[in-house]
Amino acid sequence: MKIFLKYILPVYLLVLVPGLYSQSISLKLVTASPKSVAGKLNYQKKFNTKADALKEIDNVILTLQNKGYLLAASDSTIIDSTSVTAYISENQIHKVAYLKLGNLNPSLASKLGISEKLYFNKPFKYKEVARAFEKIILYYENNGYPFVAVKLDSIATEEGQLSAVLNVEKNKLFKIDSINVIGDAKVNRTFLNRYLGVRENMPYNEELLKSISQKVKQLPFVTEKQTQLVRLTNKTNKLI
């Protein structure tokens, strides 16, 4: 069961051609019953990219986990040119759970303030668990692994209690291999890259990429026409 997934796309900076990359992607979530908790959740339904739509699915799963549906999952996802459809299962609600840290690096766990003693053989609150998962995801997505997934393995349930082992799948390491600036603004590329904190062959860093738009707005001699994009393909990873 995937608890989190993170994604990347190429990032385009500064002055962009109006109307470029304007195709809208719609998201639909399908549940077993319209009366289910998942079926009553509000979620964003229109996106600029498929990756953003997939992120919204992750947000929905996280919301269900925070409500106590620790085994909530996206059973399957159908993607076509204009839409993303995800089939969501809540699974059983659990009021008490236990968790071993599994393959999470001990040094990283310590750095993130996550200790097995906080979870193993002790009941814990779901929001606290979700915050621990989020710390792991944020760390990896800011260090080159936007598609990191956190799963629960060796799951066992008894009398409404759940025990499991945390399994972190970093997946592929991504680096930004090219930076494209589109527009007619005359800006020194060396200055711009240094100012924005970006460079070619840098590991993907979602926090840094999200800060680009605000940094551009602080420059008095350029105007941002479209928020930066990150586009990943099988061969190239572009920041635009």
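The protein chain carries six helices and 13 strands, and what you're looking at is a predicted model. Of its 240 residues, 46% are buried. Take the contacts between residues at least 6 apart in sequence: 67% of them join residues at least 24 apart.

Now to helix H1, residues 50-66. Its 17 residues reach 25 Å from first C-alpha to last, close to the 24 Å expected at 1.5 Å a residue.

How much of H1 is buried? The count is 12 of the 17 residues, so the helix is largely enclosed by the rest of the structure. Among those buried are Ala51, Leu54, Ile57, Val60, Ile61 and Leu64, but Lys55, Glu56 and Asp58 are on the list too.

| Element | Residues |
|---|---|
| strand S2 | 25-31 |
| strand S3 | 46-47 |
| strand S4 | 73-79 |
| strand S5 | 83-89 |
| helix H5 | 206-210 |

H3 is another of their packing partners. The axes of H1 and H3 (residues 126-141) come within 8 Å and cross at roughly 145°. On the H1 side, Leu62, Gln65 and Asn66 make the contact, while H3 brings Tyr126, Lys127 and Ala130. Sorted by class, that's three nonpolar, two polar and one charged residues. Two of the H1 residues named there, Leu62 and Gln65, are also buried.

Terms used:
Residues numbered from 1 in each chain as written. Predicted model: local features only at pLDDT ≥ 70, side-chain atom pairs only at ≥ 80, totals over all residues. Heavy atoms only, no water. Axes fitted to C-alpha atoms, helices over the stretch in contact; angles between N-to-C directions. Helix = DSSP H or I, 4+ residues; strand = E, 2+ residues; numbered from the N terminus. Contact = heavy atoms within 4.5 Å. Nonpolar A, V, L, I, M, F, W, Y, C, P; charged D, E, K, R; others polar. Expected span 1.5 Å × (residues − 1). Buried < 20%, exposed > 50% of the residue type's maximum accessible area, 1.4 Å probe, protein only.
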